Amino acid sequence: MKQLRLSLLLLLAYTVPVSAQWQWLNPLPEGNEFFDATFASPTAGWVVGGNGAIIQTKDGGVTWTSQNTPLRTTPFICLSVVFVDAQTGLVSSNVGTLLRTSDGGATWQRVPAPGASIQKLRRAPDGSVWGFGSIGALARTTDAGLTWKIFATGITSVVFDVSFPEPLHIVAACGSGTMLRSTDGGGTWLPVPLAVQTDVVSLDFVSATHGFAVQRSAYLLRTTDGGATWRDSTIGVNSVRAIRFADANTGWLLSNSAGTVFKTSDGGITWRTVTVDPDARYTFENVHVRSPLLALMVGDGGGMFQTTDGGASWTQLGTAITRAHMRAVSSVSDTSAWAFGDGAVFFTSDRGASWSANAAGGQPIHTGAALSATRIVAGGMQGQVYLSVNAGQSWTSSTLASAGQVEQIAFADANNGWLAGNHGTVARSGDGGATWTFTDPGVTDDFHAVFAVSATEAWIAGNGGRVMHTTDGGANWTPRNPSTASNLLAIHFTSATDGWVGGQLVLYKTTNGGQTWSPKTMPGLDVIYKINFSDPQNGFLLLSRGVARTKDGGQSFYRTDYPSTGLRDLDARAGGVLWLAGDFGTLQRYTPAPSVFINPGMLNFGNVATNKFKDLDMTIENSGERPMTIANVTALGAGFTVQSLSKNVLAPGEQAKATIRFAPADTGIVHGIAAVASNAATGVPSIELFARGVPPGTPAILHSLANPDFGKIKLGTIKAMNIRITNRGGALLSIREEKIVGADSLMFQLGRMSGFLLPASQSDSIEVVFAPLRPGRFCAQLIIDSDDPVEPRYIIDICGEAINPKIVAVPSPLDFGWVKMDSAAKTLFLEVRNEGTDSLLTSKYQLSGANAAAFSVIPPPVRPIAPGSSIFVPVSLKATGYGPYTASLLIESSDITNPGLVVPLQGNGTHTDVERVEGVPSAMRLHEGYPQPADARVVTGVSYAIELNETADIVLTLYDPLGRAVRTLSEGTRSAGMYRAAIPIDGLPGGLYIAELRTLSQHGAAATARVKTLIIR
């Protein structure tokens, strides 16, 4: 069976609250990515896109207005918009939510789901609307979305587009290299396989026989027989995405390359490049063709371009103070801020209602900091630093010696600031940015972030997981790297010890001034461009598509909402106001407000007999920062009613419970909506309701096993199961279709998908295959559609778990620190841990790299590592010369998601015996040995940590169970500090041993400390 596709677009898991109020400041009406457009009349038009965006024009595109809808400021993407007349229209989204208007777009309401995963829409020539989407969904409505006829297509891939050669002739473009054709209005569908098994994402017919289709990644297909056969129509385009025709001759072809559009005037025989955006900034998602001369292109960054002369010239719609990419924003107050972009800086003092533009040397600006409303410092692409002391009216400039791009400027106060950039660029200023002094961090890495503490203290972060710290004005820099090789783009400290770094899919926190870092996780973690805490408890992360925040000092993060894409910088005020800057001139402002979030995202009542009812609860949360008042809760859909609401005024973070009842008046499936009306500015104010009314009695179908569960299987294998279906009724049962649906449906497949007849009292089997694509437990539903009058849609829950080991090595990198030259090798123990759900086998330990010969490793015996367990692998470094030693240790294992784990190794050769660890303890201590217990089949020694609060002679001895000294590791004088020492255990029998530390201080005070050590064999 062909693998199912998840969705028309990647859908981020939306399981966290949204909050606050976002206002578009530039461009206007908004800069969201746009995916579709339509006009219901020569003057009335709509464009839809990301974050629930719906914008409207009433004057043919001269001016546009953003509309409030139930999807506004959600992560959901409006993919299609159609109007059947001047008043009635539909909008679809990537999550299957449909919006409907009956007043010309003045208001939009959610309509109950039609029972199929409809994500896109297209209007047919007869005025009907076709919906299509994932899992082979195809449906048709003749009343603008109030009711739908769902078609059985027989496929499970995504349906990307439909077109209509003739009134009853429909062709659908699908995933995995398949077309669908129907010549009877959708009654029957025939698949048309293509030579290349990639997705067909767009098609359009110009006549009953001639049509074109776009197939990923670079195929333009053509048919001359109504879609029965297709051939490649060669075109020199690397990647194509959409095609639309105005008539039999004039058509438009869009590509994935920014600004690239093609046009044909001879029915697709030849195509020529059309320049829509001379700056090639915008990538276009769709084109709405109104006539051979009139077309509207829509794309990312709020891009809307219209032609009235067939593409000879284009006009960009909407307004903007600039459409150049904005790189940074620095606020002076809740109402005033400076924004820095390519070639100019902008200032507002009225919350972004108006902006003044000031050139900064006429050069591209990459970053900036506002010290006041009049004093601004900006950084350029080639090491330039600009200063204005008169609100941008004039500028002075200087160029840093390194000439690297200045990535970030930060000031600790009005005078003392730091900057960081490419090629090891780091500089500081003590006079408010008038002059800059270069400081040498000792490396040439690209630094992307700087945090200024004072005139003498600063932190920088950059490529390769590099973090460095200075406390002496940059004369010396100390590495404070977390255990990652990912590029770090953001750094922020809330105190002298507590700080954060983030970058490409990583987020780390330190509580000890960078000596150690702990990885942090959050839902939807992607690239972190900026970390900004307004106080130790309230912080914000700028992600590639949104903002996440914490209210508890970073114990938990959640997304506030999804303001835009292509974000570059964030500045947070103490009161919660945020300023944002990003690509395509994006400038936005966030004002704290109440926000509504409903959990769960859907209420499924299941089967309810017509003589009964069922109640379910939903939780309404104020996930914003201001009190929320709930005006009412309503339920739409036959049989759904609201029974109670526990509370109608919610403080920030507070919840209320609403009870929804389903009491069916008739049999059949019912889709509904539960909606919350409140003073919340943003959020998710409604959820789907699903139920099925069934008559009193029992269905004819009976299945066994009762609860089909595949149990646990290894990732990379498959398992089949036969589910037995019995017709316990007295008449012939017609089973029309079996299919698997649900969030985890991709993990299961059907061995047979056709319908069949099942005589009374007879049984048959349906084969279900569990073929997991990743580790985890998955559940879906096997749906059996039949003519059973009691339960026409029979649902069987199926589950299974894919297990796989997960190899983790700590610490990584393995750092030997200082190793005395020409002495015995220094040995550390690398913990190889199994954090997965299946036993882990390691098969190979291989050293490589510039200094691999200086390192050695003793591979452990080949034996399974149980989930949650570890082995300890001794790795040694013998230094024969002065300076750094680096290598890599490759560990091959049975973890199929990471079969070759690479652990960096590092150390430094030195002439002196350096075993001391930084810090002076407050007392003498001997810590428990590591590992414990010590498996002599795996490890060769036990490592102990020793703390001395003053200079002392020390002796460390290991005693056997009879009290006999079997090992003496260390004798001599050590100054106050922390030390590590390893006792070899080779040759020792298993048993309980005692490690004893005896010390004699320089003042004559003696002390003894003992710890138990268990050795097993």
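Visitor: How many positive and negative side chains does the chain have?

Guide: The chain has 74 positive and 79 negative side chains, with Lys and Arg counted as positive, Asp and Glu as negative, and His and the chain ends not counted. The centres of the two sets lie 3 Å apart, placing each charge at NZ of Lys, CZ of Arg, CG of Asp or CD of Glu. One note: this is a predicted model, where local features need pLDDT of at least 70, side-chain atom pairs count only at pLDDT 80 or more, and totals for chains, interfaces and linings use all residues. Residues are numbered from 1 along each chain as its sequence is written, and side-chain values use heavy atoms, leaving out hydrogens and water.

Visitor: Which strands form the open sheet, and in what order?

Guide: The order is β18-β19-β20-β21, with antiparallel pairing. Strands pair if DSSP finds at least two bridges between them. β18 (200-205) and β21 (231-232) are the edge strands, each pairing on one side only.

Visitor: How many bridges join β18 to β19?

Guide: 5 bridges do, and β19 covers residues 211-215. F205 has G211 in β19 as its bridge partner.

Visitor: New topic: what percentage of the residues is buried?

Guide: Of the 1017 residues, 54% are buried, meaning under 20% relative accessible area with a 1.4 Å probe, protein chains only.

Visitor: And what box do the C-alpha atoms fill?

Guide: Roughly 100 × 85 × 60 Å, along the principal axes.

Key. Buried means under 20% relative accessible area, exposed over 50%, partly exposed in between (1.4 Å probe, protein chains only). Helices (H or I, at least four residues) and strands (E, at least two) are DSSP runs, numbered from the N terminus.
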